[in-house]
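Work through the exercises below with the sequence and the model in view. Try each task before reading its solution.

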Amino acid sequence: MRLPLVLFLIAPLIEIASFILVGQAIGVLPTLALIILSAFAGVVLLRYQGAGILRRLQSEAQRGMDPGRELVHGALLVVAAFLLIVPGFFGDIIGILLFLPFVRDLAWRLIKPRLVVRSSFSDAGFRTSRPKDENVVDLGDDEYQREPDPNSPWRSPRIGRD
């Protein structure tokens, strides 16, 4: 638990130092251009990579396979895009690494033993309906009708009405 706290406190210092070092090496305007370019790259990469992850997630669900790997890949892509969008070169390096599939696979191998994915599968993939409950009565449109309750305290009072 201490490691995330230390990283949370040290990361801004590393980012500030990287701004100073890069700014001294290439100048202020090119440094700002790199920051804007990395944010744009993060948005574009998330759009294209994210669409691919969603397609693979859907195909695994339709085949009835465990979607855990694709879910972790999708979450890591969101983290990678966030790191690229937020200004900073250290975060950009980590974000670029997370966009690489073999790095995400390595993270998946580290996370997999600690992750439990609970899902309901049917022949067509995920089951969208809940299990039948004997205390629930399903009504059709012709069997149920909603009318306003004249005695409801939430109705607005009408002027001139006694």
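Contact means heavy atoms within 4.5 Å. Helices (H or I, at least four residues) are DSSP runs, numbered from the N terminus. The model is predicted: local features need pLDDT of at least 70, side-chain atom pairs count only at pLDDT 80 or more, and totals for chains, interfaces and linings use all residues. Residues are numbered from 1 along each chain as its sequence is written, and side-chain values use heavy atoms, with hydrogens and water left out.

**Exercise 1.** Describe how α3 and α4 pack.

Step 1. Locate the helices: α3 covers residues 68–85 and α4 covers residues 89–99.

Step 2. Take the geometry. The angle is about 150° and the axes are 8 Å apart. Axes are lines fitted to C-alpha atoms, for helices over the stretch in contact, and angles run from 0 to 180 degrees between N-to-C directions.

Step 3. Classify the angle. The two helices are therefore roughly antiparallel, a term for angles over 145 degrees.

Step 4. List the contacts. On the α3 side are Leu76, Leu77, Val79, Ala80, Ala81, Leu83 and Leu84. They meet Gly91, Asp92, Ile94, Gly95, Ile96, Leu98 and Phe99 of α4.

Step 5. Sort these residues by type: 11 are nonpolar, two polar and one charged. Here Ala, Val, Leu, Ile, Met, Phe, Trp, Tyr, Cys and Pro count as nonpolar, Asp, Glu, Lys and Arg as charged, and the others, Gly among them, as polar.

**Exercise 2.** Is Leu46 buried or partly exposed, and which residues does Leu46 contact beyond its neighbours within four places in sequence?

Step 1. Leu46 lies in helix α2.

Step 2. Leu46 counts as partly exposed because its relative accessibility is 29%.

Step 3. Beyond those neighbours, Leu46 is in contact with Ala51, Leu77, Val78, Ala81 and Phe99.

Definitions and conventions. Angles under 35 degrees count as roughly parallel, over 145 as roughly antiparallel, 65 to 115 as roughly perpendicular and the rest as oblique. Buried means under 20% relative accessible area, exposed over 50%, partly exposed in between (1.4 Å probe, protein chains only).
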